[in-house]
Amino acid sequence: MLLHDLLFRLRSLMRRPAAENELDDELRFHLERQTDKYVRSGMSEPEALRRARLEFGGLDQVKDECREARGVSFVETLMQDLHYTSRTLLHAPAFTACAVLTLALGIGANTAIFSVVNRVLLNPLPYPNPQELLAARQNESLPNLKDMQRQTHSFASSGGVNIAPMDFTGNGEPVRVHAAWVDAGLLVTLGVQPMLGRWISADEDVKGGARNVVLSYPFWRDFLGGDPHVLGRGIRLSDKTYTVIGVMPRNFTLPKELADVFISLWAGYPEAAPERGVHFMHTYWRLKPGVPLGQAQTEIAQADHRLAEEFPDTERERGTVLMPLHEWLVGDVRPALLILFGAVGLVLLIACANFAMLLMARALTRQRELMIRASLGARNGRLIRQRLTESTLLALVGGAAGLMAAKAGTTLLLALKPAELRRLDAIPMDARVFLFVFAISLLTGLLFGLLPAWSASRGDMAEALRENARTTATGVSRSPFRSLLVTAELALALILLAGAGLLIKGFLHLRSVDPGFNPANVITMYLQLPGTRYPQIPLQTNFRRELLARINSFPGVEAAMITDLPLAGNYVDHRVAIDGQPAPAVGAEPEVQTLSVMGNYFGVMQIALRTGRDFSAMDREGEPRVAIVNQAFVQQLLPGQDPIGIRIDWARSNPHEWMTIIGVAGDVKHSGLNQPVDPAVYAPFSQNDEAWRKWMTLVIRTRVPVAGLVEDVKKQVWSLDSQIPVSGIQSMDDLLAVSVAQQRFNVLLLASFAALAVALAGVGIYGMVAYRVNERTHEIGVYIALGAQQRDVLRLVMKDGVKLGLLGIVLGLAGAIALTRAMVSLLFEVNPTDPATLIGVALLLAAVAMLACYIPARRALSIHPMTALRRE
Amino acid sequence: MPSRFIDLPQGTLDLLILRTLSLEPLHGWAVSERIQQISSDVLRVQQGSLYPALHRLERRGWIKARWGTSENNRKAKFYELTKAGRRELEIEQDAWQKLTAAVSQILETA
C-alpha cells in the first residue's frame, strides 16, 4: 500500500510533462462533454461553454488539487519556485550580490572557526579506545613510574616519554633530531603498532639493554630514503650506533610531543634512567575497561603517599593529577577557541539580521507584484513558501561562497601559526564541516526568511497596498521588526567590540611588558656537545671558549652563550642552599632556575646589572666560584639583606663548594611575558661541575644585520667539530613574537570579527535610514517646501536611526558586561569590565552609527520639493 | 432550484466514485453524470472536485486509469476498480450502512 503510494508518486514525478498533458486532456474532455450536453439541450454554444466552466470551478485550482492528489505537488511547486526565484534573483543582481556577500562573510567566518574547533576539539584522538587514555599533569621519573605501575591496579598499562635533542650524523651535514626517550609501556598504552618491525620490548628496556631505535615515518622517509630493508641497519645518534628495529606508521604522532626517533630511556640516557629525582617524563595511562577515573585517581594518590614516605628527599611534594588525555591536550586552547566560536556566531547573527532586512526591503519594493499575485488567487501559504525558497536559495549560495571564504580563511589561520595550532599542518574540511555549513545555511535561510516573509504576508500587504495607493507618508513600514533587527545588530556588534577592545588592551599590556633584555639585533643558535667526545668539563670549556673567541673576532659582532634562552621554554631547576641560613627540611629547599653563561652575556643581551659586578675573564676554572642572581632571588630568598658576598650552593652538595654572589641582574621574563619571574642563578660555564650541561645557546649581537653571519658561525662550529649540528637559528625578536603568538592570534581574530560586525551593523543601520529617506521623499519635499531648515530635515530622518543605535549600544553594554567575564582567562592585566574600554568602544560604535545615519540622511537634504511631489 | 441539490457530506465522494466504478469502467464525466442520474439529481457533485478525488483514489491503488475511446469517439481517460478498490468498497459500504442505520434509528426513536 505504502509502496504503491510511493511508486505512484515517483512515477508521476518522473513523467511529469506527460502527466501534465494527460491532466489537460482529461479535463478538456470533461468540459467538452458537458458543453456538448448543454448544446444538445438547446443552449447556444457560448452559453453552454460558460455554464460548463462555471459548474466546473477554477480550472487552475482543480489542476493544482489534482497535482496535490497525485503527490507531486510538493516537489513540483518547489521546482516552479526555484525556477521563478532564480530568474527574479538574476534580475536583481545588486540585491542578490549584497545578500550572498553578507551571508558568505558570516558563514565563511563561522566555517573557518568551526573547522579549527572541529579539528582541535571535536576530532577523536588517533588511538584506539581514546576514552580510556589519561595523562598525568606532572612529569615523572622512570623509577617512580615503575613503582606506580606496580602499586596500582586500575590501569591496563602506562608509559612515559621525554623528548631530548640528539645528533644524527653519518648522512651529510649533522642534524639535530628529536629523540623520544621512552619506556616499553608507551606504545602499548597508546595502542599503536609499528608499521615495520617491532616496538621496544620490556626485556630490552632495562639497564644495559640493547641500543635499539624505532623510527618515525618522516625520519625513515627523509633520512633513510624509505629503505624497506632498514630493519637491522645501524644509525649514528649522538656518537653511538643504534640498531633500527621498527618504523612507526605514517600518521602516528605522540599525543603532545614531536619525535623523530624512539629509544629506550635506558639506552639513550642511562645516567638519568635510575634517578628518582629526575622528573622529566610525560606519562600516559590507559584505564582498564570500565574502571572509573575517580578510582584510578585514588590509587595514584595512595601510590604518591607511599613514595613520599619512602623517598622524602625527592618525593615529598607529590600530588599526581590524572586527567583524560583529550582534556589535557586541548585544555589550553579550549577557552580561546570557544570564545572565538561564540564571537563568530554573533557575527553570523548580525549578518543574518542584515539579510532579513534586505529581504524585507525587497519584499516592500515588490509588493505590487505580490499583491497582484495574491489578488489573482495565489494562496498566502504559497507566497510565503516562494519567499522562503528565495531566502533559502540565497542562503545556500551564500553558504557555498562562505565555504570558499572559509577555505581561504583556514589557510590564513595556519599562516598566523599560533603556538597551539603549530602542530596542525592542515585544517581539513571534512564531512562534519560540510554538514555544518549546510545546516547553518539552511537554518539561516529558513529562519531569517520566515520572519520577514511572515511579517510581509497578506495581512500587511493589504495595508501596504492602501498606503502605496495614496502615498501618505505617515508610518509607512515603521516595522517594529526592522527596528528590532537594527537594535539587536548594534547590541551584538558592541559586545564583539568590547571583547576585541579588552583583548587588544590586554595584548598591548603584554607587549609593553619589559622582557628584561633588548631583543633587537640578537641572533641565537643552539648547539649540543656529544657526550662521547666531550665527556669532561675541561674539554667542553675549551670548545666553548675557542668558539666564542672565533665568533668575537668577526667585525661588528659580540657573542656570548647561555644554557637556556629566556622565552624558549626551558631551564634547569636546582634546589638551593644559602650559607649561614638554617637548612630547610630535605625536599623543602627553595627551587631556582640555574643558568650557565660564558662571555659577556649580560652585555650582549643588555640585561641591566642592578648592583655588584659582572663576571670577568678571571672568573674561570680554578678561581673562587661566583654567581650572579636576579632581583627575584634577592626579594624572595634574601629579603632585606645585601646579597653581595652571600654564599650559595645547590642543596645537599657534600661538601659544599660555595659560590659567592658578586652581582644582581635585572629580572628577565624567562617563562613568558605573562608569567611571574622566578628566582634565578647565573654561574660561569667554566666553573660548572655538572658535565651533563653539554648544551649551549649562542647569543650574538650585531650592530647592524650582518649578511652571512649564520653561515660563518656554522663554519666556525664545524671547523672545531664537523659532527655538531647547529639548530634553533632564530632572532630574539622572533622568539619574543612566538612567545605571544597565541595572544596575537586571539587578538587578530577577535578584532577582525569585531570589525566585520561593526561594518555589517553600520551597513544595517545605513540601509534602514536610506530606505526611510527614500520612502519619505514626498514628506521631506513638503517639509522643505514649507521652509524646514537643513537641521530639521536631518533631525527628521536621522532621529529613528540614532535612537535605535543608542538603544542598541546601551543593550550591548549590558550584554558585554555580562559576557566578557567569560574571557577572563584570555585577558592579561585587564578587568573584563574595564570601564575605559567599554566606554571607548561604545563611543566608537556610536560614531559609526551616526555616520551610517548621516550619509543617507544627507541625501534627504538634496531633495528638491518639486521632484519629490512629482514622484507621486 | 439549488435547494433541490444536496451537497455531499465530507468523505462520501470517494465511496460514491468507487460504487459507480464497481459496475463498469467509466471516464470522469460519465462518473459525475452517473452519480447525478442515479441519485435522481438529488446529489450534486461539484464537478471540479471529482478529479482530485479520482487522482487520489488512483494514488491509493483503489482504481486504475487507462486511456480509451469514449462513446463519442474521443480519447478519454477511463477509470476502473482494482481488487484493492473492491475490498475497500465493501468496507466503506459496510461502514456507511452501519452509520446510516444507526443515525436513522436515533432519528426515529429519539
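# Two chains in contact, and the inside of chain A

In this predicted model, the contact between the two chains takes 17 residues from chain B and 21 residues from chain A. On the side of chain B that touches chain A, three elements each supply at least two residues, namely α2 (28-38), α3 (47-60) and β5 (75-81) of chain B. Of the elements of chain B, α3(B) gives the most to that side, with eight residues.

We can now turn to chain A as a whole. Its secondary structure comes to 29 helices and 21 strands. The radius of gyration of chain A is 38 Å, whereas the globule rule gives 29 Å for 872 residues, and because the value is well over that figure, chain A is more spread out than a compact globule. Taken along the principal axes, the C-alpha atoms of chain A fill a box of roughly 135 × 75 × 55 Å. Buried residues make up 40% of the 872 residues in the chain. If one looks at the contacts in chain A between residues at least 6 apart in sequence, 84% of them join residues at least 24 apart.

What lies inside the chain? The largest nonpolar core has 108 residues, and those with the most contacts inside it include A:Val347, A:Leu494, A:Phe753, A:Ala757 and A:Leu845. Helix α14 (residues 334-365) of chain A provides the largest share of this core, 22 residues.

Helix α20 (residues 537-552) of chain A has 16 residues, and from its first C-alpha to its last it reaches 22 Å, close to the 22 Å expected at 1.5 Å a residue. Its buried residues are A:Gln540, A:Phe543, A:Arg544, A:Leu547, A:Leu548 and A:Ile551. Seen down the axis of α20(A), these buried residues fall within an arc of 120°, and therefore they line one face of the helix. The face turned away from that buried side carries the exposed residues A:Pro538 and A:Ala549. What covers the buried residues of α20(A) includes the strands β12, β14 (591-599) and β20 (695-702), together with the helix α23 (709-720), of chain A.

A:Asn521 has a positive phi of about 60° although it is not a glycine, and its place is in the loop between α19 (480-512) and β11 (522-528) of chain A. A:Leu567, also a residue other than glycine, has a positive phi, near 70°, and lies in the loop between β12 (557-562) and β13 (572-578) of chain A. Is A:Leu567 buried or exposed? A:Leu567 has 22 other C-beta atoms within 10 Å, and so it counts as buried, since the cut-off for burial is 20 or more. A:Asn521, by contrast, has 15 C-beta neighbours inside 10 Å and therefore counts as partly exposed.

Terms used. Residues numbered from 1 in each chain as written. Chains lettered and ligands numbered in written order. Predicted model: local features only at pLDDT ≥ 70, side-chain atom pairs only at ≥ 80, totals over all residues. Helix = DSSP H or I, 4+ residues; strand = E, 2+ residues; numbered from the N terminus. Rg over C-alpha atoms; globule rule 2.2 N^0.38 Å. Buried ≥ 20, exposed ≤ 12 C-beta atoms within 10 Å, placed from the backbone. Contact = placed C-beta atoms within 7 Å. Expected span 1.5 Å × (residues − 1). Arc of directions from axis to C-beta. Core = buried A, V, L, I, M, F, W, Y, C linked by C-beta atoms within 7 Å.
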